[in-house]
Amino acid sequence: MVGNNINPNTGEAVEIENVKFLGEMPQEEAENWMRRASIFISPTKYEPFGLAILEAAAAGCALVLNKLDTLTELWHDVAIFFDPENKRETKELVLQLIENEEFREEVGQKARKRAEHFSAEKMAVSYMELYKDLLNKKKPENQLIQSI
């Protein structure tokens, strides 16, 4: 697992059976580890988009994600979702991916294909089109402008 094993709330080290914490590392090194991985698990409790998730998907990892509205909207048909409070369910889902190579690869390939729809270039083009549309629209003469 990329990152350290220190609980941010208590400052105490967390030990998880069969998990090796790799510690903090530069982005390039983390990406190298991600390319070597086949499963990406994100139990995050808040995630508006999930850049790390996108990077894992682009690397072909099978995605195992918390059932957050934002994540299910983006990855609904290409990821496996779980309740991070339900440890048994989480363990069963991960073991299913570990034990079934064909299923794991299928989920990873679907994630990779979805990741291709997201890019900085596509985002920049979309924003430029939006700004052009906004600049080209005329304001109605009777439009009220409210100040905050």
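Figure 1. Ile 41 has Val 64 of strand 2 as its bridge partner. The model is predicted: local features require pLDDT of at least 70 and side-chain atom pairs count only at pLDDT 80 or more, whereas totals for chains, interfaces and linings use all residues. Residues are numbered from 1 along each chain as its sequence is written, and side-chain values use heavy atoms, with hydrogens and water left out. Strand 1 and strand 2 run parallel and are joined by four bridges; two strands count as paired if DSSP finds at least two bridges between them. Helices (H or I, at least four residues) and strands (E, at least two) are DSSP runs numbered from the N terminus.

Figure 2. Three strands form an open sheet in the order 1-2-3, with parallel pairing. Strand 1 and strand 3 are the edge strands, each pairing on one side only. From one strand to the next, the twist averages 20°, where axes are lines fitted to C-alpha atoms (for helices over the stretch in contact) and angles run from 0 to 180 degrees between N-to-C directions.

**Figure 3. The salt bridge of Lys 45 and Glu 85.** The whole structure contains five salt bridges, each defined as a side-chain nitrogen of Lys or Arg within 4 Å of a carboxyl oxygen of Asp or Glu. In one of them, the side chains of Lys 45 and Glu 85 meet with an N to O distance of 3.3 Å. Lys 45 belongs to the loop between strand 1 (39-42) and helix 2 (51-58), and Glu 85 to the loop between strand 3 (80-82) and helix 4 (87-99); these distant parts of the chain are linked across 40 residues. Both Lys 45 and Glu 85 are exposed (buried is under 20% relative accessible area, exposed over 50%, partly exposed in between; 1.4 Å probe, protein chains only).

**Figure 4. The salt bridge of Lys 67 and Glu 89.** The closest N and O atoms of Lys 67 and Glu 89 are 3.7 Å apart in this salt bridge. Because Lys 67 lies in the loop between strand 2 (62-66) and helix 3 (69-75) and Glu 89 in helix 4, the pair ties together parts that are 22 residues apart in sequence. Lys 67 is partly exposed, at 46% relative accessibility, and Glu 89 is partly exposed at 22%.

**Figure 5. The salt bridge of Arg 114 and Asp 77.** Arg 114 and Asp 77 form a salt bridge whose closest N and O atoms are 2.5 Å apart. Arg 114 in helix 5 (residues 101-115) and Asp 77 in the loop between helix 3 and strand 3 are 37 residues apart, and the pair links these distant parts of the chain. Arg 114 has a relative accessibility of 16% and therefore counts as buried; Asp 77, at 42%, counts as partly exposed.

**Figure 6. Backbone of Asn 18.** Although not a glycine, Asn 18 has a positive phi of about 65°. Asn 18 is located in the segment before helix 1 (27-36) and is exposed, with a relative accessible area of 76%.

**Figure 7. Lining of the largest pocket.** The largest pocket holds about 2200 Å³ of space. Its lining comprises 49 residues, of which Met 1, Ile 16, Val 19, Ile 41 and Pro 43 are the closest to the centre. Helix 4 contributes the most to this lining, with six residues. On a 1 Å grid over the protein atoms alone, a pocket is an open set of points where a 1.4 Å probe fits, with protein on both sides within 12 Å along at least five of seven lines; lining residues have an atom within 4 Å of a point. Grid points are joined across faces, edges and corners, and the volume is the space filled by probe spheres set on the points.
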